[in-house]
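Subject: Structure for you to look at

Hello,

Here is the structure we talked about handing over. Please open it next to this email and follow along.

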Amino acid sequence: MKIAFAGLGVMGAPMARHLIEAGHDVTGFNRTVSKAEAWAAATGGKAAATVAEAARGVDLFILCVGNDDDVRAVVTEALPYLSEAAVIVDHTTTSAKVAREMAELANGQGRSFIDAPVSGGQAGAENGQLSVMAGGDTAALTRVEPVLKAYSKAIKHMGPAGSGQLTKMVNQIAIAGVVQGLAEAVHFAQVAGLNTDAAYEAVSKGAAQSWQMDNRWKTAAKGEFDFGFAVDWMRKDLGLVLDEARTNGARLSLTALVDQFYAEVQAMGGHRWDTSSLAARLQPRD
């Protein structure tokens, strides 16, 4: 399939690479053109200097950019240049509102828009093991699902436009609570004078087990927080969650509290630390 991929960051670059390895014709775009050129040189893909150049005549336009405004800008620029009946798949984590807006805009021009945020982080992108939560037209998703499997282990259609983004919000709510619990558990073990490795072995095979525990307990106990999804991005995501909750009436007291804890981590200089850095704010400070 002829594909364009906009946004060649830590997630997008390996995802686009997997598409090339699966045999697709992929043109990459990044706002920093040199990054797209370096990606193309490393993968055998092509680099475009503009969104319009990347989008010209493609059947599938994929993006993984920063926020709502970035999605609006990229989709609006790309739409006139796509092939007829092309599908746009957006892997950015955004508001459900912008997903619905872009779906309506695309449909009005004879194209389809799928909001398809992902979970699995940088490691999932590198290893082709992402989980995709999709909203939008069923037929359009069916057309492109075999392509998306190049970097996905699971793709779940959740309903109409915006449903993928709402599901990603569920994901982030669950992660926020689990990581705060993990941070407090590590902190308690340390204050209680336990060997944290032994504590992990004791509790990680029972009801307390989680992905976060298996992958972040030992590094959090060592004060190491350079393992992927950054606090700045988590706060962006939780901001989307809390905005949506104000609209739909969901009661998210724990999520709101953890968001403020992440603000404390930012104030400590942890903007780029990973999400397990909630443990850092519990440590004694000079």
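At roughly what angle do the axes of helix α4 and helix α5 cross? Before the reply, some ground rules. This is a predicted model, in which local features need pLDDT of at least 70 and side-chain atom pairs count only at pLDDT 80 or more, while totals for chains, interfaces and linings use all residues. Residues are numbered from 1 along each chain as its sequence is written, and side-chain values use heavy atoms, with hydrogens and water left out. Helices (H or I, at least four residues) and strands (E, at least two) are DSSP runs, numbered from the N terminus.

The two helices

The axes of α4 (residues 68–78) and α5 (residues 96–108) cross at roughly 5° and come within 10 Å. Here axes are lines fitted to C-alpha atoms, for helices over the stretch in contact, and angles run from 0 to 180 degrees between N-to-C directions. Angles under 35 degrees count as roughly parallel, over 145 as roughly antiparallel, 65 to 115 as roughly perpendicular and the rest as oblique. The helices α4 and α5 are therefore roughly parallel to each other. On the α4 side, D68, V71, R72, V75 and T76 meet V98, E101, M102 and L105 of α5; contact means heavy atoms within 4.5 Å.

P80 is exposed, at a relative accessible area of 53%, and A85 is partly exposed, at 38% relative accessibility. The cut-offs are under 20% relative accessible area for buried, over 50% for exposed, and in between for partly exposed (1.4 Å probe, protein chains only). Apart from neighbours within four places in sequence, P80 is in contact with Q109 and R111. A85 is not a glycine, yet it has a positive phi of about 65°. Most residues other than glycine have a negative phi.

Helix α1

Helix α1 (residues 12–21) is mostly covered, with eight of its 10 residues buried. Among the buried ones are M15, L19 and I20. Just after α1, G23 takes a positive phi of about 100°.

Strand β8 and its partners

Strand β8 (residues 130–135) is also mostly covered: five of its six residues are buried. What are its partners, and in which sense does each pair? Strand β7 (residues 118–119) pairs with β8 in the antiparallel sense over two bridges, and S119 stands opposite S131 in β8. Strand β9 (residues 152–159) runs parallel to β8, joined to it by six bridges, and A134 stands opposite H157 in β9. Two strands pair if DSSP finds at least two bridges between them. With helix α7 (residues 138–148), β8 and β9 make a right-handed β-α-β unit. Right-handed means that, with the strands pointing away from the viewer, the path from the first strand over the helix to the second runs clockwise.

Q172 counts as buried, at 4% relative accessibility, whereas Q190 counts as partly exposed, at 28%. With residues up to four places away left out, Q190 touches T196, A221 and Q283.

Regards
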